[in-house]
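Please keep the sequence and the structure in view while reading.

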Amino acid sequence: SCSQSIFIYDVGLGMLGAIVQKRRKMSNKDALLEQAAMSAAGLQQAHLLGIVILVILVIAVFALLGLKNITWALLLIMNTALFGYLLKLTVDSGVSAGETIIGPDGTVIQRKESEDSEESEQSNPNNGTYTLPTLT
């Protein structure tokens, strides 16, 4: 039973490592959106790190006290939350890379390749440059 708990704990640590790796590979835009969402919830990154460490310590204390049921429940809740967040990061990274777009009902929406932006860039020869206004 102890080896099963250690296995579940290791799976959780593996998912935590994968989350850290995915967050490091995030684009600046996605990282800012993630930080804005955390700020909107009233959390900072230091708070989140403290919460994760506290949850791990509480689980370890219950495991050392031999309280199997609560240890299993907390490990499963923690692993489910980690899996959900890892899945969110995976889906978000696929969407931001332009691979797939998932609609609100869960269906995959094919992205139409439009060349409107390229045409508008070609029609304006001063695109990206600044010209001084003429004073009269």
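Which residue forms a salt bridge with Glu34 when the closest N and O atoms are 3.7 Å apart? The partner is Arg23, whose salt bridge with Glu34 has its closest N and O atoms at 3.7 Å, a salt bridge being a side-chain nitrogen of Lys or Arg within 4 Å of a carboxyl oxygen of Asp or Glu. This pair links distant parts of the chain, with Arg23 in helix α1 and Glu34 in helix α2, 11 residues apart; helices here are DSSP runs of H or I with at least four residues, numbered from the N terminus.

## How the model is read

This is a predicted model, in which local features need pLDDT of at least 70 and side-chain atom pairs count only at pLDDT 80 or more, while totals for chains, interfaces and linings use all residues. Residues are numbered from 1 along each chain as its sequence is written, and side-chain values use heavy atoms, with hydrogens and water left out.

## The salt-bridge network

By the rule for salt bridges, the count comes to 2. In the other entry, the side chains of Lys88 and Glu34 meet at 3.2 Å, N to O. Lys88 lies in helix α4 and Glu34 in helix α2, so this pair ties together parts that are 54 residues apart in sequence. Through shared partners, salt bridges join Arg23, Glu34 and Lys88 into one network.

Glu34 counts as buried at 10% relative accessibility, whereas Arg23 is partly exposed at 25% and Lys88 is partly exposed at 35% (buried means under 20% relative accessible area, exposed over 50%, and partly exposed in between, with a 1.4 Å probe and protein chains only).

## The largest pocket

The largest pocket has a volume of about 760 Å³, a volume being the space filled by probe spheres set on grid points that are joined across faces, edges and corners. On a 1 Å grid over the protein atoms alone, a pocket is an open set of points where a 1.4 Å probe fits, with protein on both sides within 12 Å along at least five of seven lines, and lining residues have an atom within 4 Å of a point.

Of the 26 lining residues, Leu16, Leu48, Val52, Leu82 and Tyr85 are the closest to the centre of the pocket. Helices α1 (2-24), α2 (28-40), α3 (45-64) and α4 (68-96) each supply at least two residues of this lining, and α1 gives the most, with 8 residues.
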